[in-house]
Amino acid sequence: MQKGSKVALVTGGARGIGLGIARRLAQDGFAVATSGRRSAQDAQAGLEAIGEFGEAIYVQADVADGAARARLLLEIEERFGRLDVLVNNAGIAPRIRADILEAREESFDEVMNANLKGPYFLTQAAAAWMIRQRESIGAAHRAVINIGSVSATMASVNRGEYCLSKAGVAMATRLWAARLAEFGIGVYEVRPGIIESEMTAGAHAKYDALIDGGLLVEKRWGKPEDVASAVSVLARGELPYATGALIVVDGGLTLARL
Ligand code: NDP
């Protein structure tokens with residue numbers, strides 16, 4: 001790592017939107033750490049795709065597991081010695097899309113733990129470290145960027161737990177923005193709409209038809225790179241005096257029209 005290089009952690013950065021973000025931040029000059037539940041071997045292709053642009057490591061760590069979160073930060077500290085940007089991207093959809101009249105508590109717990117509790121407490125631990133770095137490394141732009149979802153406000157009655165988790169992420173962004181501003185740490189939400197990734201692969205035909213039918217103002221699927229562009233602006237500190245800001249990247253999906 002070049003001396004003085006900034007370091008970003010992108011959870012779930014070995015594929016999908018997270019991989020798009022990790023590649024973009026590497027292009028921007030960040031050393032990048034990524035994480036996920038999969039083995040290092042299964043993350044190798046993603047790691048190499050990031051490595052084209054800069055230094056990158058992968059740590060196997062389930063964001064829902066407190067001990068794994070602590071180990072993740074420790075490994076970054078040992079390898080890079082600092083953390084400037086945390087991108088809370090890792091997330092899951094429910095395994096089964098079930099009507100909220102029937103959906104099961106196990107799915108609720110699984111989705112909430114991965115999408116809300118995990119990032120909330122990872123932010124807590126990362127922020128504590130960033131605050132300590134102000135003394136050791138000095139004041140610099142530091143940021144926490146949460147990947148939310150249009151599901152924070154759009155009700156899907158067959159995946160209520162997902163909607164609730166993302167509504168929680170929106171509030172977590174506000175809470176941490178209010179708490180961390182005094183330490184020079186900006187906290188933001190980037191809110192994607194319908195983005196092409198493995199998460200949406202199963203519903204591709206459904207979304208193709210909806211997009212064709214005029215669901216979006218910008219008539220195309222979103223790409224991981226679209227989300228990555230917004231994250232890049234925030235990670236580089238190009239949006240000063242805007243902590244708590246929400247950037248919507250949804251091609252106009254949530255634009256109210258008459
Ligand atoms: P993918 O399913 O393609 O990728 C999810 C990533 O998160 C994988 O790298 C996965 O790695 C990781 N991950 C999942 N659960 C955990 C966990 N418990 N601990 C650590 N890593 C985990 O999804 P997307 O790229 O589409 O989604 C990324 C984010 O964007 C999510 O938060 C999602 O909710 C959000 N989003 C996506 C939209 C879309 O249309 N695709 C729209 C709006 C928001 P591994 O399997 O190794 O654990």
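1. Tyr-241 is exposed, with a relative accessible area of 91%. That is over 50%, the cut-off for exposed. The model is predicted, and the points below should be read that way.

2. The backbone of Tyr-241 deserves a look. Its phi is positive, at about 60°, although Tyr-241 is not a glycine. Where does Tyr-241 lie? Tyr-241 sits in the loop between helix 8 (224-235) and strand 7 (246-249). So a non-glycine residue with positive phi is found here in a loop and is exposed.

3. Next, the helix pair. Two packed helices are described by the angle between their axes and the distance between the axes. For helix 4 and helix 5, the angle is about 15° and the axes are 9 Å apart. Angles under 35 degrees count as roughly parallel, so helix 4 and helix 5 are roughly parallel to each other. The crossing of helix 4 past helix 5 is right-handed.

4. There is also a nonpolar surface patch of about 350 Å². Which residues make the patch? They are Tyr-120, Phe-121, Met-171 and Leu-175. Helix 4 (105-136) and helix 5 (160-180) are the elements that give two or more residues to this patch. These two helices also pack against each other, with axes 9 Å apart.

5. Met-171 is one of the patch residues and belongs to helix 5. Is Met-171 buried, exposed or partly exposed? Its relative accessible area is 45%, so Met-171 is partly exposed. The value falls between the 20% limit for buried and the 50% limit for exposed.

How values were computed: Residues numbered from 1 in each chain as written. Predicted model: local features only at pLDDT ≥ 70, side-chain atom pairs only at ≥ 80, totals over all residues. Heavy atoms only, no water. Patch = residues over 30% accessible without salt bridge, like charges linked within 9 Å, V, L, I, M, F, W, Y side chains within 5 Å. Areas by Shrake-Rupley, 256 points an atom, 1.4 Å probe, with all protein chains shown as cover. Salt bridge = Lys/Arg side-chain N within 4 Å of Asp/Glu carboxyl O. Helix = DSSP H or I, 4+ residues; strand = E, 2+ residues; numbered from the N terminus. Buried < 20%, exposed > 50% of the residue type's maximum accessible area, 1.4 Å probe, protein only. Axes fitted to C-alpha atoms, helices over the stretch in contact; angles between N-to-C directions. Parallel < 35°, antiparallel > 145°, perpendicular 65-115°, else oblique. Left-handed = near helix turned anticlockwise from the far one by under 90°.
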